[in-house]
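Colleague: I'm new to this one, could you walk me through its charged side chains?
Modeller: Gladly, let us open it and take the pairs in turn.

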Amino acid sequence: MTTAALVLAVVSGLLLGVPVQAAPAPVETTAAARMAPMTPPYPGETRVITWNICGEAGSPRGTAGYCAFRNEPDRKAEQVAQLVTEHQANVVMLQEVCGYDEATPDTGRRANWRKSHMALLKERLGPGWSFAHAAGNRESDLDSRCRGEALGGDLGVLLAVKGTFDGPVERVETVPADLSPRKLPMVCARITGLPDKFCSVHLIPGESAIAKRQSQAIAAHLQDDIPVGVVIGGDFNRNAASADLAPVTSKLDRCLNGDHTYQYWASTAAAPSRHWLDHLFTTRRADGPRFVACTVDQSRMDRTRNTGAEATDPPNGYSDHAPVIAYLRDAPVPGDMTGDGKPDLLAVDELGKLRLYHGAGTGGVPGAHDIIGTGGWMGASVTHRGDWTGDGAEDVVARVGGDLRVYANRGDGSLAAPVTVAVGLPTDARVVSPGDVTRDGHPDTVLSYGDKLWLYAGVRGAVPAVAAPVLIGNSGWDVMTLTAPGDADRDGRPDLLARNTVNGDLWLYRGRDGGGFDARTLYGHGYGLVNRPLIAGAADADGNGVADMWTTTNEGTGTLMFYAGATGAAGHPVDGERTTVGASSWSTIRSVS
């Protein structure tokens with residue numbers, strides 16, 4: 001067999017769950033099987049949906065300009081309402097949506113305003129919601145009227161919130177009248193009880209003077225809101241990285257997700273055109289992230305070739321854009337147990353005590369440590385990554401004996417009494433909490449036992465809990481040491497590091513939507529049990545935005561090494577430069593995380 005054929009065979013085995021020698025195999029399961037049930041938001045959590053619904057009547061199926069169900073506003077309104085229910089969202093931002101100004105009396109609105117997406121969505125969401133719409137116009141005829149017999153209202157952007165607006169709604173025209181008759185407004189409002197200003201935007205594509213002035217107008221309007229709090233979402237039309245928007249976007253965090261948000265497949269094209277057009281940004285926190293989940297729902301995006309007629313060749317989605325959904329709340333920096341924004345290291349010593357080493361933010365840890373578990377930790381498998389109680393602090397998950405337990409962090413790294421979330425586990429089961437694998441805004445944990453890999457999805461509630469285990473790796477895992485690097489490839493999904501204890505190779509398994517991990521890439525080698533007895537993902541321990549790692553060594557009485565994350569020649573994450581950060585006595589440590 002050629003080298004290329006061997007590589008293909010190994011990758012095929014990984015993707016299809018076929019056992020391959022020395023290559024632990026992920027199992028393909030449906031996203032529905034891997035996803036934990038949607039649960040209510042934590043107090044103070046905001047759930048935002050942004051979606052360009054492509055809602056204004058246009059060209060028929062098979063011709064340029066087609067978009068699914070443009071003349072069926074009921075279908076689109078129903079999909080938005082379903083999204084709100086599925087995610088229990090409290091903020092909705094829509095673009096290319098037909099609506100009206102509620103302050104205008106019925107007699108002053110367009111005659112068919114009740115057929116608008118806004119009116120139909122109001123019916124479905126029911127009382128308790130507030131709506132604000134800002135009308136723009138089309139480039140072709142500079143008219144704002146939504147065309148079509150079944151469609152009413154004016155074309156524009158929409159902001160809908162569960163609650164009441166706090167202060168006036170801002171309708172900001174982003175195109176100066178002296179430059180163009182185009183109207184491309186932004187609609188913004190504050191919500192009673194929430195700290196942020198929320199804005200729905202739609203940018204035009206390209207680098208024309210209009211596009212530049214539009215970005216400049218948005219940046220200028222939001223500058224003063226950034227310190228207080230802002231959430232801006234919409235269709236940025238490939239201008240999200242524009243230098244003209246940088247005064248705002250450079251100070252905000254972006255909802256990261258590697259999935260494309262737009263697709264169009266022309267009837268004559270061999271393959272569809274895909275782009276990342278739709279985004280959500282929010283004010284950056286100094287002591288942790290705000291986005292705890294970022295999802296692109298491609299199931300609602302039309303992915304079919306634009307050919308035939310809707311009756312005979314129907315679309316399989318409701319827009320050429322996919323909705324982007326984000327959950328926001330104050331969350332801990334991954335790995336940070338003490339609330340100072342720096343990842344920390346946990347260690348079990350030879351006396352069975354659990355130690356907490358405070359990260360210095362440079363990759364190092366001081367020699368002094370706290371004892372946060374006074375005994376009984378010998379033989380336990382310990383991990384920490386994620387807030388299991390919704391209080392903004394990272395908690396500890398451990399397999400102790402045959403029990404899987406969650407130890408809530410009191411906020412300073414000390415631990416409360418445990419909550420048992422699973423029983424009857426093998427006493428040699430190894431546990432690692434990569435983060436939010438299922439991307440539902442709640443952390444999950446992964447266990448290895450019986451040569452298999454299992455996902456225990458976290459379930460939020462009054463107390464920590466996990467869903468029934470789902471098999472995500474069907475063979476070859478007994479020889480692997482698992483640890484959690486965080487998001488090593490920076491695609492918005494937590495990844496998994498696995499060290500082969502037979503040959504010392506270290507592999508990165510990239511996270512994928514819904515739970516589970518994709519085919520592996522080599523992260524490093526030479527991590528044998530003798531020279532590198534223990535390994536631990538360090539999250540971003542040196543604060544440069546790249547996932548790192550700690551290991552112990554057999555040098556002298558044992559040292560602690562810090563490996564700064566790097567990028568290899570092929571563009572994959574790899575281990576980088578190493579530094580000794582613990583000079584001695586690490587041979588007394590039995591496990592690190």
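Modeller: Bear in mind that this is a predicted model. A place to begin is lysine 212, which is partly exposed with a relative accessible area of 37%.
Colleague: What does lysine 212 form a salt bridge with?
Modeller: Its partner is aspartate 244, and the closest N and O atoms of the two are 3.9 Å apart. Lysine 212 sits in helix α5 (residues 209–222), while aspartate 244 belongs to the loop between β9 (230–235) and α6 (246–249), so the pair ties together parts that are 32 residues apart in sequence.
Colleague: And aspartate 244, buried or exposed?
Modeller: Aspartate 244 counts as buried, because its relative accessibility is 19% and the cut-off for buried is under 20%.
Colleague: Switching topic, how many salt bridges does the structure hold?
Modeller: The structure holds 35 salt bridges. One of them joins arginine 171 to aspartate 101, with 3.5 Å between the closest N and O atoms.
Colleague: Where do arginine 171 and aspartate 101 lie?
Modeller: Arginine 171 is in strand β6 (residues 170–173) and aspartate 101 is in the loop between β3 (91–99) and α4 (117–125), so this pair ties together parts that are 70 residues apart in sequence. Arginine 171 counts as partly exposed at 37% relative accessibility, and aspartate 101 counts as partly exposed at 29%.
Colleague: What about aspartate 253, which side chain does it meet?
Modeller: Aspartate 253 meets arginine 284 in a salt bridge of 2.9 Å, N to O. Aspartate 253 lies in strand β10 (residues 252–254) and arginine 284 in the loop between β13 (278–283) and β14 (291–296), so parts 31 residues apart in sequence are tied together by the pair.

How values were computed. Residues numbered from 1 in each chain as written. Predicted model: local features only at pLDDT ≥ 70, side-chain atom pairs only at ≥ 80, totals over all residues. Heavy atoms only, no water. Salt bridge = Lys/Arg side-chain N within 4 Å of Asp/Glu carboxyl O. Helix = DSSP H or I, 4+ residues; strand = E, 2+ residues; numbered from the N terminus. Buried < 20%, exposed > 50% of the residue type's maximum accessible area, 1.4 Å probe, protein only.
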